[in-house]
Each structure stands twice: as C-alpha cells, then as structure tokens.
Amino acid sequence: MKKILGVMFVSIIFLALLSGCSDDNSSPKTEEQLKSELKAEIQAEMEAEQNTKMPAEQNAEDNGEKSEESKEQEKAVGPTNIAIKNYEGKGLEKLAKIEADTNVGPRGVQETLAIFGEVTNVKVEKINLNTEANQRLLDKFDSLKNVELAVPRDNDRNKLIAVSFYDKGLRKHVFTFTSSDEKDYIYSDAEGKQKLVDSLDEKYKKSTSYEDQTDLVLRYLGLTGQEFLASNNFNSIPKKLDMGFGEIFYRVENEPLGNTIDYKIRMDDQIFGVYITPSEQYNSIKDNAKSSFFGVDFDMPIYQARYNLDKPNDEDIFIDLIEKDEKLVGINITPYSG
C-alpha cells in the first residue's frame with residue numbers, strides 16, 4: 001500500500017511539472033496519453049499488492065479457519081431482544097446469572113430462562129393445577145436486563161412455575177416450567193421462546209381524547225349499598241348475583257354511554273370493587289360520546305392502555321387491565337384494603 005501511495009505521489013508531481021512546463025504549443029493528446037499510462041501503472045501496482053498476501057493466511061481462509069480476532073467477534077454474537085427457555089447457544093456467556101427464589105427443595109429440577117434485552121415487572125409464581133390453577137407469588141424483580149434466570153421447579157406434574165414480565169413495548173410475556181405436558185394448559189408456551197419488543201411505538205403513546213369518567217369509580221368506592229343507592233344519579237338499580245363467582249353487585253348499563261359498570265358488594269354490603277366493560281353498543285356510538293377511565297379507553301390496544309394508565313396518587317387502589325387479543329376489554333378496580 002505504501003508503494004502504491006508513493007507511485008501516486010510521484011505521478012501527481014510529474015503531472016504538475018508537465019502542466020507547468022508545457023507551452024501553448026503542447027499537445028493535449030500527449031498529456032492524455034501520459035495520464036493514461038500513469039493510471040495503468042497505478043492499477044498494476046494495486047493488483048500486485050493484492051497478490052502479495054501471505055500464503056499461510058490465504059491457506060487458512062481457504063480451509064475455513066478463522067483468526068483469533070474473528071473467533072472473538074463471532075463469540076460476542078448472540079440473540080437480541082428475545083427470551084428463550086433452557087438456551088445453550090451463542091451469547092449466553094454475556095448474560096448475568098441470577099436465581100429465582102421458588103422455595104423448591106433438593107429434589108427439584110432447575111431450568112433457565114435467557115433474557116436477551118430488558119424486561120420489567122417480573123413475577124415468579126407457583127401454580128397448583130389441582131386447585132383451580134391457584135397462583136402464589138414467590139419472587140419478583142422490578143426489571144431485568146441481559147440475564148439468565150435460573151428457575152427451580154417441582155417434579156410434581158400438577159405444579160408449575162410461571163414467569164411473567166413486560167417488554168419495552170409493554171407487551172406481556174408468560175413462560176411456564178413444569179414436568180407435565182404444557183400444551184394441555186392455558187399457561188402453555190409451546191414455542192419456548194418469545195420475541196421482545198425493544199421500544200413502544202410513538203403512536204401508542206398518544207393519550208385518550210375521550211371524556212374522563214374516573215369520578216364514577218372513586219366516588220362510590222367504600223360506600224355501603226344503601227349509601228350508594230342514595231347518592232348516585234342513576235335510575236333504580238337492583239342487586240344482581242354473578243352465577244359464576246357468587247358475587248353480588250349493582251350493574252349500571254350505558255351510563256356513561258357505551259359502558260357497563262358493575263359495583264361489587266362485599267358481605268358487609270360495602271362496595272369493595274368496580275368492574276368496567278364496553279357495552280354491546282360501544283362500537284356503534286361516536287367517539288365524541290365515548291368515555292375514558294384512569295387515562296385509558298376501550299379503543300386502545302392493551303399496551304397503549306398500560307402506557308397511559310394514570311392511577312391517582314392519593315388513592316390506595318389496584319387497577320387490573322383485562323385484555324383479549326391485545327385489546328383492552330375490561331378495567332377492574334379494587335382498594336388494596338378490599
């Protein structure tokens with residue numbers, strides 16, 4: 001390469017001298033010929049330099065061998081923005097090693113979840129399939145980034161460990177660990193790997209423009225049934241019984257327009273929770289007549305609702321966003337003391 005640069009430098013000087021020494025009678029054709037000859041010489045030098053590669057290096061490449069630098073670069077390559085069960089491939093050495101506290105004895109089995117990327121609101125729960133899939137929180141992490149999470153589990157086929165979290169796009173992911181055939185259960189994640197969204201699309205950060213009706217929830221929480229009936233502006237509302245769960249509630253339909261609100265009653269006749277759903281008429285009403293609650297509305301994808309959810313700072317309440325097919329279909333509000 002140094003030789004090529006030297007030839008080029010001499011060539012430039014030569015052309016400059018030629019230009020400076022030529023008189024008005026110099027032939028443009030002669031100069032063009034000289035330039036062409038010099039260009040050909042530079043090209044020949046470059047080809048010669050390309051052919052001077054050391055035979056050993058050439059043979060190593062021909063045989064598929066890699067230099068130490070190439071091997072290190074390849075070693076650093078691995079998956080990005082994905083979570084994989086029991087992964088043993090490239091990039092695993094880059095992950096920090098941590099273990100979930102699942103309180104499993106020495107006879108347990110340890111599996112792993114490799115998380116390439118960042119996730120939040122990580123929950124590790126134990127689920128007993130013999131007791132209506134009763135769940136119990138075992139461990140949790142506010143956030144994890146580029147980690148291999150060890151997950152000890154029971155040998156019992158009727159018990160599983162579920163690890164759930166949100167990615168940076170606020171999509172929810174659930175992985176299960178069990179010795180049973182997971183495809184038989186709603187907690188199944190047969191693929192064993194799930195792609196992680198690394199950021200929330202800007203269009204999903206857009207806040208609701210619908211009229212806020214949060215007061216219809218906060219105003220009545222904690223009241224007795226009689227106090228609720230005496231203070232609301234709704235029509236006469238009889239008590240109802242949920243035949244599936246045995247809960248007693250007051251159901252208000254289409255107030256506000258397009259919504260159904262259940263005010264749930266505890267045994268002591270106190271309102272301890274509210275459940276809001278879109279009514280059958282919701283999709284037929286105009287946007288300017290629709291309502292929002294706690295910063296979200298029922299036209300939002302579930303991850304947009306998670307981003308825009310606005311729980312009042314002075315209210316000790318739990319808000320559960322119910323989803324179906326990545327769309328918000330219900331809002332469940334319960335006081336922490338309820």
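**Exercise 1.** Determine which residues R153 touches, not counting residues up to four places away in sequence.

*Solution.* Taking contact as heavy atoms within 4.5 Å, R153 touches V104, G108, V109, E111, I161, F177, T178 and S179. The model is predicted, and local features need pLDDT of at least 70, side-chain atom pairs pLDDT 80 or more, whereas totals for chains, interfaces and linings use all residues. Residues are numbered from 1 along each chain as its sequence is written, and side-chain values use heavy atoms, with hydrogens and water left out.

Finally, the side chains of R153 and E111 are joined by a polar contact of 2.5 Å.

**Exercise 2.** State where confidence is lowest and where it is highest in the protein chain.

*Solution.* Begin with the average: pLDDT (the predictor's confidence in each residue, from 0 to 100) averages 82 over the protein chain, and 73% of the residues score at least 70. The lowest confidence falls in helix α1 (residues 2-21), with a mean of 48, and the highest in strand β13 (residues 291-292), at 98. Then examine two stretches: pLDDT stays under 50 over residues 12-18, which have six contacts beyond four places in sequence. Over residues 20-26 pLDDT also stays under 50, with two such contacts in the model.

Technical notes. Helices (H or I, at least four residues) and strands (E, at least two) are DSSP runs, numbered from the N terminus. A polar contact is a pair of N or O atoms within 3.5 Å; within protein, one must be able to donate a hydrogen and the other to accept it, and residues adjacent in sequence count only if both atoms are side-chain atoms.
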